[in-house]
Amino acid sequence: MKFPLRGLYAITQTKNKTTDIIINEVIAAIKGGAVVVQFRDKEPLDAIYLADQLVKVCHEYKVPLLINDDIELAIKVGADGVHIGREDGAISEARDRLGADAIIGVSCYNFVEQALNAQEQGATYVAFGRFFPSSSKPLAAPAELDTLRKAKFLLDIPIVAIGGILPENGGPLLTAGADLLAVIGGLFETQPEQSARAYQALFDN
C-alpha cells in the first residue's frame, strides 16, 4: 500500500484503553478522514493481537498501517511499514527486512540535514517535531516552522509534522511545508471521527 502524499496521520492512543476501544477509535478516525495510521504503544500488553487487528481494519478501509519502532512486529502482522526514531535501527535494515515496497518513516526532530540523509538512504517520508507542547512527548525539543520551509525546498519525499497539533494551529504547518499532520491526543481524546473531520478541513482549504 502506498504512503499518502497529504492528509491526517493518526497515531494510536493506547494508555488505559481496551483493545476494542482502540480499534473502534481508529475506525472512527479513518471514517473522519485519516489517511494513514501508526500503531504506537509504549506499554503493550498484547501488541501482536492488537497490531494484527489494526492491520485488518486499516486494510479494509484501504489505509496503510505502520508500526512504531518495531520491525519484528511489523513483519509478524504484515503491516505496511515502520516508523523509526534516532535509536531504532538503520533505514537499510528496515528496508532489507520489510522489502522494497514497505513504508519507512524517520523522525528527524528539527534537523533538515538528518532528513536529507534519510531520503538518500531510502526513507519513504520524514517527520519533524514537536511543534507545540505535547503530552505524549513532553520533554521533546521544539521544532521550528523554518525547518519545514527548508525541508520543503530540499526534499522530494513527504514531510510529516508532529507534536501538539490541533485544528486551530495546524494551518501554519501546512503553509510552511508539511504534507501530513500526525496527531495523537487532539484526535483520540474526544470523538475521533468529528476530530478527524476538523483536521481534514485544513487540507480542504
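## Getting started

Helices (H or I, at least four residues) and strands (E, at least two) are DSSP runs, numbered from the N terminus. With that in hand, we can walk through this structure. This is a predicted model, in which local features need pLDDT of at least 70 and side-chain atom pairs count only at pLDDT 80 or more, while totals for chains, interfaces and linings use all residues. Residues are numbered from 1 along each chain as its sequence is written, and side-chain values use heavy atoms, with hydrogens and water left out.

## The largest pocket

Rolling a probe the size of a water molecule over the atoms shows where empty space is left. Here a pocket is an open set of points on a 1 Å grid over the protein atoms alone, where a 1.4 Å probe fits, with protein on both sides within 12 Å along at least five of seven lines; lining residues have an atom within 4 Å of a point. The largest pocket has a volume of about 770 Å³, a volume being the space filled by probe spheres set on the points, which are joined across faces, edges and corners.

Which residues lie nearest the centre of the largest pocket? They are Thr12, Gln13, Thr14, Lys15 and Arg40, out of a lining of 34 residues. Helix 1 (19-32), helix 2, strand 8 (180-183) and helix 8 (185-188) each give at least two residues to this lining. By type, the lining divides into 13 nonpolar, 13 polar and eight charged residues. In this count Ala, Val, Leu, Ile, Met, Phe, Trp, Tyr, Cys and Pro are nonpolar, Asp, Glu, Lys and Arg are charged, and the others, Gly among them, are polar.

## Inside the protein

A nonpolar core is a set of buried Ala, Val, Leu, Ile, Met, Phe, Trp, Tyr and Cys residues joined through side-chain atoms within 4.5 Å. Buried means under 20% relative accessible area, exposed over 50%, and partly exposed in between (1.4 Å probe, protein chains only). The largest nonpolar core has 60 residues, and Phe39, Leu65, Ile67, Val126, Phe128 and Leu181 have the most contacts inside it. Its largest share, seven residues, comes from helix 2 (residues 47-60). A second, separate core has twelve residues, including Val36, Leu66, Ala127 and Ala182.

Leaving aside neighbours within four places in sequence, Ile67 is in contact (heavy atoms within 4.5 Å) with residues including Phe39, Ala51, Leu73 and Val77.

## Aromatic partners

Rings of Phe, Tyr and Trp (its six-membered ring) pair if their centres lie within 6.5 Å; planes under 30 degrees apart count as stacked, over 60 as edge-to-face and the rest as tilted. The whole structure holds three aromatic pairs. In one of them, the rings of Tyr9 and Tyr125 have centres 5.8 Å apart and planes at 70°, so this pair is edge-to-face. Tyr9 sits in strand 1 (residues 7-11) and Tyr125 in strand 6 (residues 125-129), 116 residues apart. Both Tyr9 and Tyr125 are buried, and together with Phe3 they form one aromatic cluster.

Most residues other than glycine have a negative phi, and most peptide bonds are trans. Lys62 has a positive phi of about 60° although it is not a glycine. Lys62 lies in the loop between helix 2 and strand 3 (65-68) and is exposed, with a relative accessible area of 67%.

Asp69 also has a positive phi, of about 65°, and is partly exposed at 28% relative accessible area. The peptide bond from Gly129 to Arg130 is cis, with omega near 20°.
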